[in-house]
Every structure is written in structure tokens, then in C-alpha cells.
Amino acid sequence: MQDLKKKKVGVLMGGLSGEREISLRSGHGVASALRSRGYSVVEIDADRRVAEKIFQGKIEVAVLMLHGRFGEDGTIQGMLEVMGVPYTGSGPLASAIAMDKDLTKRLVRGDRFSTADWRMIHGAEFPQESPLPLPVVVKPNNEGSTLGVSIVREPSSFRPALEKAFSLDAWVMVEKFVTGRELTVGLLNGEPLPIIEVVPRGGFYDYEAKYTKGMTEYIVPARVSEGIQKKTQAVSREIYCSLRLAGVARLDFILEGETPQFLEANTIPGMTETSLVPKAAASIGISYEDLCERILQGATLKL
């Protein structure tokens, strides 16, 4: 274990993406947990002056609690590599790939894992009809927290869904809608945590369902057979390695029959005390404070 209690730890949060508020909640929670364990922690809002703040604050280790663009997409990771400041989570390349849903699915399918069919549309095209049979899921290629995501069941809903997604990104993914249990697998340093089954009361796990108390039921361990659990965890571990992820990450699936269909990878999952990874860790006796400390201990330079 690294002796990081003698170093100045910067928890980077906030940032410039649409997930800023969630990032602040994650960051404040992690900073508080690390202070309770005796670490010297500085909270840093990762705005356009983030490099200057890290330099002036003499930060020696960075804990990344940033979500979305300019935080989860490899940009901050690359900056920290240049500055020589060890940081938590995945490196620049893995972060950039995982942020791009299209590239991630190409790699996952290339490794022969199951993922729903999809098509990409650029903003210059704007077709009248879905390129795949309905129902489909329409989502921005480079956003998290289900921002800009719609389920399209009727032809008349397709163009409004495209407009919503294009308001956030130049590339939009149209993905086959898969019916089944929604499963999520947190991984800590490559080891899968218990699977959580996500049951949104409204039937759609959108931004509101994610972050509004009582709108979603979380069941851990998921109500699936032991065989499905082992299979899903094994697939998660292999995808984690294939994408060159590091530290804590979370992979989302839909269980179609007995096949876990990969949806996406989250390289900096939410870390509020009620977020999914802390829930999974708590189910096997890992406290929130222990989890935060383990994440910090994984801080390294990756290049």
C-alpha cells in the first residue's frame, strides 16, 4: 500500500460537462471520506484553470471524480500525465475510447461479446426514418448519465429524439432496443463486485430515474441464477481488460434471455454514497470510506 497520507491529495470534481452537479456530489463525498481516514485533501473544481490550480496547490496525487467530457474522456488524464501527477482510474487512451460509445461497441463486438445492433448518424444527415426497426434507443455518442437519450417506439418520435441527441453531440447512436433485466457490474482493480439489478419505476432508467430518490429500485445481488452471475462477471472482467481500463469502473448490460448484452462502460462511475458502485461494495462489507481509500491507493501514471 502506498503511503499517501504524507502527500497532498487533490479531488478533482465539477468540471465542464452536463454531469457537473453529479460530479460535485461524488467529489464532496469522496473528499470527506478520505479526510476521515487522515489524508490531506484539497477539493478542486476542474474548470479551465484546473492545471494552474493543481500546480499552485502543489497537488501530488489526483483523485478523479469528473464525469462526461473534459474529465472522463482522456483529456484530464493526458494533462496529468504531462504534469507528472499520478491519478486514479483509466489512462488517456482507455478513457477516450470508453467515452465513445461507437468505438467501444466496435471493440466489444470485435472480441465476440454480445452487444445490440446499432447505426451511427452524423448531424449533417438527419434522416427522416430510423435506420433500424423500431423500437430503438437514440443517444448522443459522447454523453453520460443518459443525457439526451430517448426510447423511440413510434415513427413520429424519431426526429424529435434525433434533435434532442444532436443538441449534445455531432454524432448520434441509434441502437436496437433490447428487452430484459438491466444489470450493472462495478469492478475494482479488475475484480467484479456483486451485480446490481436496476429496476426503474417508470420503466426507463433516464437521468431523473437515476438521481431522484425513490424512482428506481436497486437489487443486489441481482435476481439471476448463479450461472448468469458468473457469466456476466466473467464477461465484465474480460471487457475491462480488453478496453485497458484501470481502477474502478462500471459496465452496464441488458440480460436478453441468458445473454448479457453489453451497453456501455463508465470509467469514472458515480461515487455518491448512494451510487451503484458503493452499493455493490457495501453488499460485501466494503464501507464507503474503505472503497474511497482503495480507489486512491490505485493512483498511478499510466504512460
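Begin by selecting Lys58, which counts as exposed because its relative accessibility is 64%. This residue sits in the loop between helix 2 (50-56) and strand 3, and its phi is near 55°, a positive value in a residue other than glycine. Keep in mind throughout that the model is predicted.

Next select Asn189, in the loop between strand 8 and strand 9 (191-192). Asn189 also has a positive phi, of about 55°, although it is not a glycine, and with a relative accessible area of 47% it is partly exposed.

**The whole chain**

Now zoom out to the protein chain, in which you can trace 10 helices and 13 strands. A compact globule of 303 residues would have a radius of gyration near 19 Å, and the 19 Å of this chain agrees with that. Along the principal axes, the C-alpha trace spans about 60 × 45 × 35 Å. If you colour by burial, 54% of the 303 residues count as buried. Of the contacts between residues at least 6 apart in sequence, 67% join residues that are at least 24 apart. The chain exposes about 13,400 Å², with carbon and sulfur atoms supplying 51% of that area. Colouring by charge brings up 37 positive and 38 negative side chains, and the centres of these two sets lie 3 Å apart.

**Two cis peptide bonds**

Select Leu134 and Pro135, and look along the backbone between them: the peptide bond is cis, with omega near 0°. Pro135 belongs to the loop between strand 4 (118-122) and strand 5 (136-140). Then move to Val220 and Pro221, which are likewise joined by a cis peptide bond with omega near 0°; here Pro221 lies in the loop between strand 11 (216-219) and helix 8 (226-242).

Select residues 92-99, which make up helix 4 and include Leu93. Six of the eight residues in this helix are buried, so that the helix is mostly covered. The buried ones are Pro92, Ala94, Ser95, Ile97, Ala98 and Met99, and their cover includes helix 3 (75-83), helix 5 and strand 13 (259-266). Leu93, by contrast, is exposed, with a relative accessible area of 62%. If you draw a distance from the C-alpha atom of Leu93 to that of Ser130, 37 residues apart along the chain, it comes to 32 Å.

Continue to Lys101 in helix 5 (residues 101-110). Leaving aside residues up to four places away in sequence, Lys101 touches Lys139, Pro140, Asn141, Glu143, Met173 and Glu264.

From Lys101, step across to its contact Lys139, which forms a salt bridge with Glu175, the closest N and O atoms being 2.9 Å apart. Glu175 lies in strand 7 (residues 171-176) and Lys139 in strand 5, so this pair ties together parts that are 36 residues apart in sequence. Both partners are buried, Glu175 with a relative accessible area of 2% and Lys139 with 7%.

Now select Arg181 and Glu197, whose salt bridge brings the closest N and O atoms to 2.7 Å. Arg181 is in strand 8 and Glu197 in strand 10 (residues 196-200), so the pair ties together parts that are 16 residues apart in sequence. Arg181 is partly exposed at 34% relative accessible area, whereas Glu197 is buried at 3%. Salt bridges that share partners also join Arg37, Asp290 and Glu293 into one network.

In total, the structure holds 17 salt bridges.

**Helix 10**

Finish with residues 288-297, helix 10, where seven of the 10 residues are buried. These are Tyr288, Leu291, Cys292, Glu293, Ile295, Leu296 and Gln297. Show their surroundings and you will find them packed against strand 1 (8-13), helix 1 (20-36), strand 3 (61-64), strand 8 (181-188), strand 12 (248-256) and helix 9 (276-282).

Notes:
Residues are numbered from 1 along each chain as its sequence is written. This is a predicted model: local features need pLDDT of at least 70, side-chain atom pairs count only at pLDDT 80 or more; totals for chains, interfaces and linings use all residues. Side-chain values use heavy atoms; hydrogens and water are left out. Helices (H or I, at least four residues) and strands (E, at least two) are DSSP runs, numbered from the N terminus. The radius of gyration is taken over C-alpha atoms; the globule rule is 2.2 Å times the number of residues to the power 0.38. Buried means under 20% relative accessible area, exposed over 50%, partly exposed in between (1.4 Å probe, protein chains only). Contact means heavy atoms within 4.5 Å. Accessible areas come from the Shrake-Rupley method with a 1.4 Å probe; for residues, only the protein chains shown count as cover. Lys and Arg count as positive and Asp and Glu as negative; His and the chain ends are not counted. The place of a charge is taken as NZ of Lys, CZ of Arg, CG of Asp or CD of Glu. A salt bridge is a side-chain nitrogen of Lys or Arg within 4 Å of a carboxyl oxygen of Asp or Glu.
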